[in-house]
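The exercises below go through one protein model. Read each task, look at the structure, then follow the solution.

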Amino acid sequence: WRDDADLHAVHFVGRTIGWAVGDHGAAFRTADGGRTWEARPVPGDLSLEAVHFVTDKVGWTAGGTTVPFTRLEVGAVYRTDDAGATRGLVNTAPIPRLH
């Protein structure tokens, strides 16, 4: 991710644990209600458009990118079980870019 990433979605689990995601694979986590944020970037230069967590550790991010020259749009959904320390790609087949 880069410092100039626009953010597209925010989701809180309770009053203190929250996530924000956006351009260039930017993903941020807060554990203090938004006073401070820690970067937990997603691999690749994706535009992340959605984030949802069901617990403080288990959640998903979704988005996609446009392939240069071909303008083909591809989507990606990532899951984490450890609060974003690691992420795994959920979709094994190509999917459209998710908005």
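Helices (H or I, at least four residues) and strands (E, at least two) are DSSP runs, numbered from the N terminus. The model is predicted: local features need pLDDT of at least 70, side-chain atom pairs count only at pLDDT 80 or more, and totals for chains, interfaces and linings use all residues. Residues are numbered from 1 along each chain as its sequence is written, and side-chain values use heavy atoms, with hydrogens and water left out.

**Exercise 1.** State how many helices and strands the protein has.

Solution. The count gives zero helices and eight strands. Read from the N terminus, the order is therefore β-β-β-β-β-β-β-β.

**Exercise 2.** Work out the order of the four strands in the open sheet, and find its edges.

Solution. Step one: strands pair if DSSP finds at least two bridges between them. Step two: the order is β1-β2-β3-β4, with antiparallel pairing. Step three: β1 (7–13) and β4 (38–39) each have a single partner strand, so one side of each lacks a neighbour in the sheet.

**Exercise 3.** Describe how β1 pairs with β2.

Solution. Six bridges join β1 to β2 (residues 17–22) in the antiparallel sense.

**Exercise 4.** Compare the radius of gyration with the globule rule.

Solution. The radius is taken over C-alpha atoms, and the rule is 2.2 Å times the number of residues to the power 0.38. For 99 residues a compact globule would have a value near 13 Å; the protein has 13 Å, which agrees. Along the principal axes, its C-alpha atoms fill a box of roughly 45 × 30 × 20 Å.
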